[in-house]
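Subject: Structure for you to look at

Hello,

Here is the structure I said I would pass on. Please open it beside this email and follow along.

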Amino acid sequence: MAIETVGVIGCGLMGSGITQVCAQAGYRTIVREASDELVSGGIGRIDGLLSRNVSKGRMTDEEKAAVLGRITGTTVFGDLDECDLVIEAVTENLETKQEVFRTLDGIAPSGAILASNTSSISITELAAATDRPEQVLGLHFFNPVPVMGLIEMIVGLQTSEETVETARQFGETLGKQVIQVKDTPGFIVNYLLIPYLLDAVRLVESGVASKEDIDAGMVLGCSHPLGPLKLLDFIGLDTTLYIAEVLHDAFRTDRYAAPPLLRQMVAAGMNGRKAGQGFYAYD
C-alpha cells in the first residue's frame, strides 16, 4: 500500500516533531489536537524549528514554505478520513490511547494503518480496541524527532507482514533507521534504559556521589552525550516514573522499582526541563 497522507494525533513535543518530519519527507500531513490553541502552538513550534534551519542555511525560505504548506491542523477527528497512516502521539496512558484507537477505527479508511508512538504500552492491547488488529503496530520515535535517527517498530501479536513492511518503508523515507521488536514491555530501548536511569537516582538518593559527578562519569567515561540525570530531566521524571511502573507491573523485578526520591520529585512537580526544575534548574 502506498502512503500519501499521514495523520498525527497530538501536536505536543513528540506529535509536532512527527508532523514536521512527515511533511519534510513530502507527505501531506494532518495533525489533530484537542483545541485550536494547541494546534497553533504545535504548528508554531514547527515554524520556529524550520526558521532556525533557514537561518543556518539548511533549507531555503521556499522549502520551509513548502513544508508548512503540506501541514493541516484540525481539532476534528473526522478530518483524518483520507489518511493512509495515522500515528497516535497522545499522553502515555493506556485508557486514553485505547479511546483514540477506537475513534480512529471508525474514521480511517479500511486499509489504513494505525500506529502508536507509545514508549511502553502494549501494542496488542491497543490493537484490541479496533476491528483491524492486523493493521496496528508501534512506531516509537525519539525526542527530538527531527534530530534523532531511530524508530522502534513494535510488532503486535496480530500485526500482518504487509503492515510491517509498509511501515518499515515509510520510516526509511523519513531518513530514520527502523529497528524491529516484538510487543514486549519496554521494547528494546526502555527495557535497557530505565534500569540505568533508576540506578542513577539511587546513587543520588544514597549520597554515593553528586549529580554532577554521576553525569560526568557517564559522559567522559562511557562517551554518552548526556549523563543519566540530565537525560532524566530531558525525558521528564513523570514520564520515566510511568514507564518504570509499567515495566515493574509486567516483570515484577527490583530493577524496575522506582526509588522513593523519584516519586517524591514527581509529587513535588519537579519533572525536569519542561517544569523548569528536575535534578537541575532550567530558565
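Below is what was found, grouped by region.

One caution before the details: this is a predicted model.

**Helix 7**

Start with helix 7, which covers residues 189-205. Its length checks out. At 1.5 Å a residue, its 17 residues should span 24 Å, and the end C-alpha atoms are 24 Å apart, so the two agree.

One set of its residues is buried: Asn190, Leu193, Ile194, Pro195, Leu197, Leu198, Ala200 and Val201. What do the buried residues of helix 7 pack against? The partners are strand 6, helix 8 (211-222), helix 9 (228-235), helix 10 (237-251) and helix 11 (260-267).

Leu192 also sits in helix 7. Is Leu192 buried or exposed? Its relative accessible area is 55%, which is over the 50% cut-off, so Leu192 is exposed. Leu192 belongs to a nonpolar patch on the surface, together with Ile188 and Tyr191. The three residues have about 260 Å² of accessible area together.

Arg202 pairs with Asp199, with the closest N and O atoms 2.8 Å apart. Both lie in helix 7, three residues apart, which is about one turn of the helix. Arg202 is partly exposed at 24% relative accessibility. Asp199 is partly exposed too, at 42%.

Just after helix 7, look at Gly207. Its phi is positive, at about 75°.

**Other salt bridges**

Side chains of opposite charge can pair when their charged atoms come close. How many salt bridges does the structure hold? There are eleven.

Take Lys97 and Glu88. Their closest N and O atoms are 2.3 Å apart. Where does this pair sit, buried or exposed? Lys97 has a relative accessible area of 1%, under the 20% cut-off, so Lys97 is buried. Glu88 is at 0% and therefore counts as buried as well.

Then go to Glu245 and Arg263. This salt bridge has its closest N and O atoms 2.7 Å apart. It links distant parts of the chain: Glu245 is in helix 10, Arg263 is in helix 11, and they are 18 residues apart. Glu245 is partly exposed, at 30% relative accessibility. Arg263 is partly exposed, with a relative accessible area of 39%.

**Thr130**

Last, a single residue in a loop. Thr130 lies between helix 5 (123-127) and strand 6 (136-141). Why does Thr130 count as buried? Its relative accessibility is 7%, which is under 20%, so the residue falls in the buried class.

What does the side chain of Thr130 reach? One of its polar atoms lies 2.8 Å from the backbone oxygen of Ala127. Leaving aside neighbours within four places in sequence, Thr130 is in contact with Phe101, Asp105, Leu114 and Val136.

**Where to look**

See the surface patch of Ile188, Tyr191 and Leu192. See the loop that holds Thr130.

Best wishes

Definitions and conventions:
Residues numbered from 1 in each chain as written. Predicted model: local features only at pLDDT ≥ 70, side-chain atom pairs only at ≥ 80, totals over all residues. Heavy atoms only, no water. Helix = DSSP H or I, 4+ residues; strand = E, 2+ residues; numbered from the N terminus. Buried < 20%, exposed > 50% of the residue type's maximum accessible area, 1.4 Å probe, protein only. Polar contact = N/O pair within 3.5 Å; in protein donor to acceptor, adjacent residues only side chain to side chain. Contact = heavy atoms within 4.5 Å. Patch = residues over 30% accessible without salt bridge, like charges linked within 9 Å, V, L, I, M, F, W, Y side chains within 5 Å. Areas by Shrake-Rupley, 256 points an atom, 1.4 Å probe, with all protein chains shown as cover. Salt bridge = Lys/Arg side-chain N within 4 Å of Asp/Glu carboxyl O. Expected span 1.5 Å × (residues − 1).
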